[in-house]
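Hello,

The structure you asked to look at is below. My notes follow it.

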Amino acid sequence: MKTRSWLVAASFADLLFLYLPIAILVVFSFNASKLSARWQGFSLEWYAKLFTDQALLSATVNSLIVATVSTVLAGALGVLTAVALERQPFRWQGAFEVLLLMPIVIPEIMMGVAMLLFFVMIKLPLSLLTMIIAHTIFNFPVVALIVRARLRKLDPRLEEAASDLGATPWVAFKRVTLPLLMPGIVGALLMAFTLSLDDFIISFFTAGVGSTTLPIKVYGMLKSAVTPEVNALSAILVLVSMGLVAVATWVQRK
Amino acid sequence: MSPIQLGGGRWLIVPPAATLILFFGVPLALVLAVSFATRGTYGGIEWAFTLGNYTSIADPLYLRIFWRSLWLAVLTTIICLVMGFPLAYVIARAPQRWQGILLFLVIIPFWTNFLVRTYAWMFILRSEGLLSTVLSALGLTHEPLPLLFTDTAVLIGLVYGYLPFMVLPLYAALERLDPSLIEAAWDLYARPLQVFTRVVLPLSKPGVIAGCVLVFIPSLGAYVTPDLLGGARSMMIGNLIQHQYLVVRDWPFGSALSFVLMAGVLAAVLYYLRAGGERGLL
């Protein structure tokens, strides 16, 4: 049946709504004007300024450290969780699954508050470490869900065949299951990395004095005077996200 | 369940379970405990049991903030549903090759930094921003428009932020809808509206519910959007909690507020599970 033209028009309007604001930001990041809403010629000045901003560079480094470490930890914990849930049913599994969904479901602000309270109570000074812990907690359930979905779709007979051929359960897992899971795992890790890199609220509550991340820095810039540099920084971040989602989509397809 | 069990596999769950309980279960329990404690003189916590933090939420000042949050979240959900449905439908009916591209286009904003996407609207709506500049250049307005720092700006930001959450589950439901059922309805002389309300909508109900829950939850607990796009009077629950925690330093009251917010969110999740959406939230 034919799709009606007004539906197509409405969809086009939706996509315009989603993309026009981002496109405008990117275009105006090349604007020479400091007042930023009037076009006054092409310039790369704001990009050049970004790369000399020392605070911005150290915030970027912090973001990359937190995202990398928390992604590795979330990956390990998430894969363990997915395998255990699918292959090793245990007592209290139902309760555990509810708890596992909670970090995804509850409002970020609540997660931030809970983490802050916890770290203050156990007297752990807020730092990169506390942020890494918090990011690992909100990321590993995401990894677990994605990997588990992939694991469910695998044919269990492949593992059976491996063990019929004399493989121990561990060897069967390592040589058969894990390679088949790999696209799912890589996709999940990219997702976790992006979520960590983009997180503002939970980082805001768990960051210490010297551990400002990129989103916290961006937030500070937005709260004070909005300069054209923010546009340039935004354009770079948009480009990075697009690259990550393209890689993730490409990996998942395999 | 697979017949194959890993050797010593029963211990696999221990590291994740221990991590989750220690670093998530305990913090949540602490928030609950603190919500019944008393605020100390200098902003600390005194362990004297009270229900006062919950009863003071009934103050009209705070009730108004809860009411506004609920209202904005419901409105955001409805607008996303109305806007998202045609797009999800068109993607589901598009040729296979186009489906991939269109889905990709819906997913990209979801991966793009939320602060950046919110900033895009600040840039457009500011009084010396793009929209004002364009409108005054066209001679339509003569003074800067008060667009930013309003409830409307918050609403635009929320819809913009969460529209992809609506489109994806709707698409998943519509894609499974058998087109011959729609054709049958046409053959039986159904009017377009009837085809929609009697065939398409009932069959895509799981997607509608999933999409609404996925949009409603983050909208209700929104912090960044009202903080950046809303004015001093556009506070939502999330901002109130942040204010109590980091500005006023009344942690017991902030904790009680968080728990009430969480109760609202869990109610939405329970409704979703009851309605038969057991396919997981992602």
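**Between the chains**

Between chain A and chain B, the count of salt bridges is one. That bridge joins the side chains of Lys223(A) and Asp227(B), at 3.3 Å from N to O. Bear in mind throughout that this is a predicted model. Polar contacts between chain A and chain B come to eight residue pairs, with both residues at pLDDT 80 or more. On the side of chain A that touches chain B, helix α1 (residues 5–28) of chain A gives the most, with 14 residues. By class, that side of chain A has 66 nonpolar, 12 polar and 10 charged residues.

The contact draws 88 residues from chain A and 91 residues from chain B. Together the two chains bury about 8300 Å², and 82% of this is on carbon and sulfur atoms.

One residue to look at here is Ser241(A), in helix α11 (residues 228–253) of chain A. Ser241(A) has a relative accessible area of 4%, under the 20% limit, so it counts as buried. Leaving aside residues up to four places away in sequence, Ser241(A) touches Trp111(B), Thr112(B) and Asn113(B).

**Chain B**

Chain B has 13 helices and two strands. Its C-alpha atoms fill a box of roughly 75 × 75 × 35 Å along the principal axes. Of the 282 residues in chain B, 52% are buried. Among contacts in chain B with a separation of 6 or more, 67% are between residues 24 or more positions apart.

Which helices in chain B pack at an angle of about 60 degrees? They are α9 (residues 192–203) and α10 (residues 205–220) of chain B, and their axes are 4 Å apart. The residues that meet are Leu201(B), Pro202(B) and Leu203(B) from α9(B) and Lys205(B), Pro206(B) and Val208(B) from α10(B). By class, this contact of α9(B) with α10(B) has five nonpolar residues, no polar ones and one charged residue.

Helix α12(B) is largely enclosed by the rest of the structure, because eight of its 11 residues are buried. The buried residues of α12(B) are Ile237(B), Gly238(B), Asn239(B), Leu240(B), Ile241(B), Gln242(B), Gln244(B) and Tyr245(B). What do these buried residues pack against? In chain A, the partners are α5 (108–121) and α9 (201–206). In chain B, they are α3 (60–93), α10, α11 (224–229) and α13.

**Backbone**

Most residues other than glycine have a negative phi. Two residues with a positive phi are worth a look.

- Arg249(B) follows α12(B) and has a positive phi of about 60 degrees although it is not a glycine. It is placed in the loop between α12 (237–247) and α13 (251–274) of chain B. With 39% relative accessibility, Arg249(B) counts as partly exposed.
- Trp92(A), also not a glycine, has a positive phi of about 65 degrees. Trp92(A) is in the loop between α3 (54–87) and α4 (93–105) of chain A. Is its side of the story buried or exposed? At 66% relative accessibility, Trp92(A) counts as exposed.

**Salt bridges**

Over all chains, a search of the whole structure finds eight salt bridges. Three of those in chain A are as follows.

- Lys49(A) and Glu45(A) meet through their side chains at 3.8 Å, N to O. The two are four residues apart in helix α2 (residues 45–52) of chain A, which means they are separated by about one helical turn. Both count as partly exposed, Lys49(A) at 35% relative accessibility and Glu45(A) at 36%.
- Arg152(A) and Glu86(A) meet through their side chains at 3.3 Å, N to O. Arg152(A) lies in helix α6 (residues 128–153) of chain A and Glu86(A) in helix α3 of chain A, so the pair ties together parts that are 66 residues apart in sequence. Arg152(A) counts as exposed, at 54% relative accessibility, whereas Glu86(A) counts as buried, at 15%.
- Asp155(A) forms a salt bridge with Arg157(A), and their closest N and O atoms are 2.9 Å apart. Asp155(A) counts as partly exposed at 31% relative accessibility, and Arg157(A) as exposed at 57%.

Salt bridges with shared partners also join Glu86(A), Glu97(A), Arg148(A) and Arg152(A) into one network.

Regards

Definitions and conventions
Residues are numbered from 1 along each chain as its sequence is written. Chains are lettered from A and ligands numbered from 1 in the order in which they are written. This is a predicted model: local features need pLDDT of at least 70, side-chain atom pairs count only at pLDDT 80 or more; totals for chains, interfaces and linings use all residues. Side-chain values use heavy atoms; hydrogens and water are left out. Axes are lines fitted to C-alpha atoms, for helices over the stretch in contact, and angles run from 0 to 180 degrees between N-to-C directions. Contact means heavy atoms within 4.5 Å. Ala, Val, Leu, Ile, Met, Phe, Trp, Tyr, Cys and Pro count as nonpolar, Asp, Glu, Lys and Arg as charged, and the others, Gly among them, as polar. Buried area is the accessible area (1.4 Å probe) that two parts lose on being put together, summed over both. A salt bridge is a side-chain nitrogen of Lys or Arg within 4 Å of a carboxyl oxygen of Asp or Glu. A polar contact is a pair of N or O atoms within 3.5 Å; within protein, one must be able to donate a hydrogen and the other to accept it, and residues adjacent in sequence count only if both atoms are side-chain atoms. Buried means under 20% relative accessible area, exposed over 50%, partly exposed in between (1.4 Å probe, protein chains only).
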